[in-house]
Amino acid sequence: MAPRLDFSDWWSKDRRKGTPVVVTMENPNYSVVEINGPDAAFRPVEKSRGKNAKQVTWVLLLKAHRAVGCVAWLATVLWALLGAIKKRLIFRQGVSMASEKLGKGKVLFIVIKMFLITALAILAFEVVAYFKGWHYFRNPSLHIPRTSDIEGLLHMVYVVWLTFRADYIAPTIQALSTFCVVLFLIQSVDRMVLSLGCLWIKYKKIKPRINGDPFKSDDVERSGYEYPMVLVQIPMCNEREVYEQSISAVCQIDWPKDRLLIQVLDDSNDESIQWLIKGEVAKWSQKGVNIIYRHRFIRTGYKAGNLKSAMSCDYVKDYEFVAIFDADFQPNPDFLKTTVPHFKDNLQLGLVQARWAFVNKDENLLTRLQNINLCFHFEVEQQVNGVFLNFFGFNGTAGVWRIKALEESGGWLERTTVEDMDIAVRAHLNGWKFIFLNDVKVLCEVPESYEAYRKQQHRWHSGPMQLFRLCLPAIITSKIAMWKKANLILLFFLLRKLILPFYSFTLFCIILPLTMFVPEAELPVWVICYVPVFMSFLNILPSPKSFPFIVPYLLFENTMSVTKFNAMVSGLFQLGSSYEWVVTKKAGRSSESDLLAVAERESKTINQPQVYRGASESELSELNQLKELKEATPAPKKKVNKIYRKELTLAFLLLTAALRSLLAAQGVHFYFLLFQGVTFLLVGLDLIGEQMS
């Protein structure tokens, strides 16, 4: 038998090329073989060696295929956008005009429309001058032609316009843009400081901790555990889509039943929804949960009035803490056990706030962009302020209050649409401290349509300015430290609630397109490109999976500045829309774990008749009636898209400015204005909330 030649061990070793190898074989029938180097077939191919024609052809074909695919995708998107413009803007199919009842929205629309008309007129004039060769502003220095150089009436008008523009319009725009840029830089520094604070918290692993067993009795004679009395409130109003999952989640909270009371505070004016909520409460009551249903006949004060009415009940005095959940919030069973213990041995603590988590953050582009903003708000703004200042704005839900703190701060007031921020500011002025728990999350929804998101943002930005007017005297005369007063006035209200929407709208939606027609006041590239991209990068850090959406996020935030600016002005000057409260429309989304739990419960009870212990015949008849109401729930109406005139007008203004920048060969300005104009166009046609594939 011939010997086995196994070169695998030798081949796997790292040996120098060209080393002589001698192989001796036992069988004398075989001769000695000397190998002076690797065979030509095994020699590495030199990188400098050229590829043959066939390989080059395949590479070129693959690159051409990718290029054609990219062009085809862009053409498809453009064709779909043009089709949407034709369908929604020209033929008005399946759309309705958005109402302009939000305060002075009509006035703002008229102002924007005047800017658009002026820009179109100037663009037409500039195009004529361009083709006639009248380029007097290619250099920063103005060149006014002499009288002998004047070529007709139109040329004379153009020269007069240049002089007037340089002497009167440019200085005004330059001064306003400088002011806005300074505000922009101040707000950017604030964001950077907050981000550094968040990094420091992560580096040092700073977070509120629970020491020992908080529920173990300190009394030696009394063995066992002591749980404080907790009241849970679920305010809702016509929440057909989410009432069931919210009540179900709260009723499954792990807490002794004799130390817990759940109030379902229903402000619905739809009787069918009232009956459905009553039935859900009765179902959990039959299971032994301590839950009651409350409905107001006089529905004043919106959510604040609802909470104030519930806190006036006589039995509330027996409870020490109150947890609040909006109708779309689904707390985990251990929510109270992870929040209430922080109050023990901390008598100055008034509020423990949990973080929100979103079940529909990947539903469409709009929800993804909202998730970026809210992640930064919770993980950076609220966490940093909670750790270093022990103060932040209450989010209105997913928090636990010490009832004594609410009472000493004046309770719920109906004077604004941001009752949560109102009570937080008054509690802070009374010396109460707040804690934010970033690792305790409560599931909820974000608005999936632009209409719902727009109304929510209007309320969130008009209410703080209205509250600022009311609270300013109390802040100045309060007994808290001066630095706390400065933080409330300068940072909490002015910088983050007033300055931010003001400069965003003025700088990027008004001044930037105007500077294309007034080159003397042109904004530098770092203002419109480098700094905004860097700040967007900081905003996306808490949600790293959203990095592919950094450009849409930047453009969409500039687009939303129109709504936020309008809301800020309404609240600051107490216009009619600042008192408007619109319940944010919900879709009734649930997480995968919730859906699996529901399916498991239904599979267990599908063949078991439901028995209501202790129920009278009248209650049973009511439950049967409720079952019929659930089965007769009307089918959801087909979505009707809106046309938003302010956003559309600004879209055409920005696109007009983009054309002007193209004539002036300003590349960065052209691309920014083009993409920003397209974003405004998508929002104005209500395409930003469409379902993602």
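**View 1. L523 in the loop between α13 and α14.** L523 lies in the loop that links α13 (482-515) and α14 (525-540). Helices (H or I, at least four residues) and strands (E, at least two) are DSSP runs, numbered from the N terminus. This is a predicted model, in which local features need pLDDT of at least 70, side-chain atom pairs count only at pLDDT 80 or more, and totals for chains, interfaces and linings use all residues. Residues are numbered from 1 along each chain as its sequence is written, and side-chain values use heavy atoms, with hydrogens and water left out.

**View 2. Surroundings of L523.** L523 is buried, at 4% relative accessible area (buried: under 20%; exposed: over 50%; partly exposed: in between; 1.4 Å probe, protein chains only). Beyond residues up to four places away in sequence, L523 touches S177, V181, L507, I511, L512, T515, I528 and H669 (contact: heavy atoms within 4.5 Å). S177 is 346 residues from L523 along the chain, yet their C-alpha atoms are 7.8 Å apart.

**View 3. The open sheet.** The sheet has 7 strands, ordered β6-β5-β4-β7-β9-β8-β10, with mixed pairing (two strands pair if DSSP finds at least two bridges between them). β6 (291-295) and β10 (433-444) are the edges; each has a single partner strand, so one side of each lacks a neighbour in the sheet. The twist from one strand to the next averages 20° (axes: lines fitted to C-alpha atoms, for helices over the stretch in contact; angles: 0 to 180 degrees between N-to-C directions).

**View 4. β8, β10 and α9.** β8 (residues 349-358) pairs with β10 in the parallel sense, over 9 bridges. A354 sits opposite L437 of β10. Helix α9 (residues 365-388) packs on the sheet and touches β8 and β10. The directions of α9 and β8 make an angle of about 155°.
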